[in-house]
Amino acid sequence: MTDILIVDDERDIRELIADILKDEGFQTRLAADSDEAVAALNEQEPALMVLDIWLKDSRMDGIDILKQVKHNNPEVPVIIISGHGNIEIAVAAIKQGAYDFIEKPFNIDQLMVVINRAMEASRLRRENNSLKRGEPRLTEMIGHSAAFKRLRDNLDKVAKSNGRVMLAGEPGAGKELAARYIHAHSPRESAPFVTVSCAGIEPERMEEVLFGRESPERGIEPGLLEQAHGGVIYFDEVGDMPLGTQPKILRVLTEQQFTRAGGSDKVRVDLRVISSTNRDLPAEIAAGRFRQELYDRLNVVPVVVPPLSERREDIGPLAQHFIEQFNKTQGLIGRELPDDTIAALQAMRWPGNIRQLRNVIERVLILAEESGPIKPSELEPQGATPDNSDALSLGPQVTAMALREAREMFEREYLLAQINRFGGNISRTAQFVGMERSALHRKLKSLGVVGGMRAEEEAMTGK
C-alpha cells in the first residue's frame, strides 16, 4: 500500500505535502477536519497518516483523532505535525501511539525520511505479526532426484549443528526454503526465524532495521537482530548488504552483541546465522564490494542449492504440489497433470527455477477455461504463436545437411534432452524412448553422447 491520508486545516500545507508525496510516487487523500478524516478512514484504511495536532473549527483535535485511529486502525502509522510544537506535546503524541512528531515549518527531506521510516516499520510489523499468527510457511521439501536427495542430506546434517551456513544458488532455486528447512529441523525450531532482505531494505536504513534504535520520546524499538534472539537470522542475498554495514555485522558475529542506534547499552543476542547468495562472492571480494572477513565468517558450511535444470525428475511432483496448494489457498480448480504435460514441463527451460514453475502453474489454473487435465498447449506463454502447430522448424544449417547427418543430429539432441529429463538415469530414459538399455547405450556411444550417463550405468553396460 502507498496511500497516505493528510489531515491539516491549512489548505496550503496539506496540498504542499500531497505534491511532495506524489512526486515520490505515493497516492494521497486530503482532509481538512476530523469529520473528513474519519470519513476517509472508514472509506479505506490508508498505509500512513500525516496528522496536524491543531485543527481549527474541528469537532476533534489531532490527539483525539490519533486515539481513535490507534483503537480502530492500530496498524496505521501516524506522523504528527504541529506549528506549536514542544516536547510535552511530542511526548503526549508518542504515548498515544504516534510514530513520530515533526514541528512546522518542517524540512522536506526530514519529512520524507520520517515517512519512509514509518512505511518500512509498518511493513516489518505486518510481516512479524503474520509470523506470530502462525500463518503457514512452507518448510516441506519435495523431490526424489539425485540432486535433491544430496541437497536434503546436506541440510539434515547442518540442521543438527549450530554452524553458519551459506546457501548458494540461482534466483528462484529455493534458497529460503532450504534455510527454513534447516530451522524447522534444528534445536531452534520453536524460536524465531527472521529474514533480512538485504536487497529490499534501503542502504541508509539497513543499520536501524538490523540494530533497532532508542530515543527519549519512543523508548526502545528492537531491530531484526534483537527480534531473532534465540533463533535464526537469515540474510537473504547477503551480497547486496551495504559495504558500510558489513563490518558492523562482522562485529556482531564475533562478539554476539551490538548497540542500538541512539543508545549506549550493549545488547547481547544468541543467534544462528544462515545466509544466501546468487552472486560470485569471491569475485565481489576481488572487486571491493564484499569483505573477505565477513565472507569467511558466513561461509563456514557452504551448501549449493541446485537449479531446476538439474532436478527435472522433480518437476512433476513440484507441479502437482503447486496445484494442490493453489486449490487449498486460492480455491483454484485442482486439475490433473497427465504424463504428456509433465514431459512438456520437463523439456522447458527454467531460468527462474522453482519460482518460475510455480508462476506457470498458477497462471494455467487461473486462466483455465475447463476443469479437465492440463494440456501441454496451455503451458505456452499468453500471446505466444507457435508455428504450424506440430511442424518442426528447420533452419538453413539443417536443410544443408545430408539426411544421415540431420538424423544423427536430431537423435543426439533428442536423446540428450531425454537423459537430462530423467536426471541421467539410462534405464528410465530407455523405457520412455522404447529401447532396450543395451541398445540405447550403443546408440549413445555411436553418437558420442556420454556426458549424461551415470557411472553405475556405464559399469553395468561394461564400458
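**Reading the features**

Analyst: Arg117, Arg205, Glu208, Arg213 and Glu221 are linked in a network of salt bridges. In a salt bridge, a side-chain nitrogen of Lys or Arg lies within 4 Å of a carboxyl oxygen of Asp or Glu. This is a predicted model, in which local features need pLDDT of at least 70 and side-chain atom pairs count only at pLDDT 80 or more, while totals for chains, interfaces and linings use all residues. Residues are numbered from 1 along each chain as its sequence is written, and side-chain values use heavy atoms, with hydrogens and water left out.

User: How many salt bridges does a search of the whole structure find?

Analyst: The general idea: side chains of opposite charge can pair when their charged atoms come close. A search of the whole structure gives 24 salt bridges. One of them joins Asp52 to Lys104, with the closest N and O atoms 3.4 Å apart. Asp52 lies in strand 3 and Lys104 in the loop between strand 5 (100-103) and helix 5 (108-132), so this pair ties together parts that are 52 residues apart in sequence. Helices (H or I, at least four residues) and strands (E, at least two) are DSSP runs, numbered from the N terminus.

User: Are Asp52 and Lys104 buried or exposed?

Analyst: Both are buried. Buried means under 20% relative accessible area, exposed over 50%, and partly exposed in between (1.4 Å probe, protein chains only). Asp52 has 2% relative accessibility, so it counts as buried.

User: Which residues does Asp52 touch?

Analyst: Contact means heavy atoms within 4.5 Å. Leaving out residues up to four places away in sequence, Asp52 touches Val7, Asp8, Asp9, Gly62, Ile81, Ser82 and Lys104. Strand 3, where Asp52 is found, covers residues 48-52.

User: Which helix holds Ser34, and which residues does Ser34 touch?

Analyst: Ser34 is found in helix 2 (residues 34-43). Its relative accessible area is 0%, so Ser34 is buried. Beyond four places in sequence, Ser34 touches Leu55, Ser58, Arg59, Met60 and Ile65. A polar atom of the Ser34 side chain lies 3.4 Å from the backbone nitrogen of Arg59.

User: Where do Lys443 and Glu411 lie?

Analyst: Their side chains meet in a salt bridge (3.3 Å, N to O). Lys443 lies in helix 19 (residues 437-447) and Glu411 in helix 17 (residues 403-421), so the pair ties together parts that are 32 residues apart in sequence. Lys443 is partly exposed, with a relative accessible area of 27%. Glu411 is partly exposed at 22%.

User: Now the sheet. In what order do the 5 strands stand?

Analyst: Two strands pair if DSSP finds at least two bridges between them. Here 5 strands form an open sheet in the order 7-10-13-6-14, with parallel pairing. Strand 7 (193-197) and strand 14 (301-304) each have a single partner strand, so one side of each edge strand is left without a neighbour in the sheet. The twist averages 20° from one strand to the next. Axes are lines fitted to C-alpha atoms, for helices over the stretch in contact, and angles run from 0 to 180 degrees between N-to-C directions.

User: What does helix 6 lie across?

Analyst: Helix 6 (residues 146-159) lies across strand 6 (165-168), strand 13 and strand 14. It runs at about 155° to strand 14.

User: How many bridges join strand 7 to strand 10?

Analyst: 5 bridges join them, and the two run parallel. Val194 stands opposite Ile233 in strand 10. On to the next pairing. Strand 10 (residues 232-236) and strand 13 (residues 272-277) pair in the parallel sense over 4 bridges. Val273 of strand 13 is the bridge partner of Ile233, and Ile274 of strand 13 stands opposite Tyr234.

User: Why is strand 10 described as largely enclosed?

Analyst: 5 of its 5 residues are buried, so strand 10 is largely enclosed by the rest of the structure. Val232, Tyr234 and Asp236 point one way, and Ile233 and Phe235 the other way.

Terms used
Polar contact = N/O pair within 3.5 Å; in protein donor to acceptor, adjacent residues only side chain to side chain.
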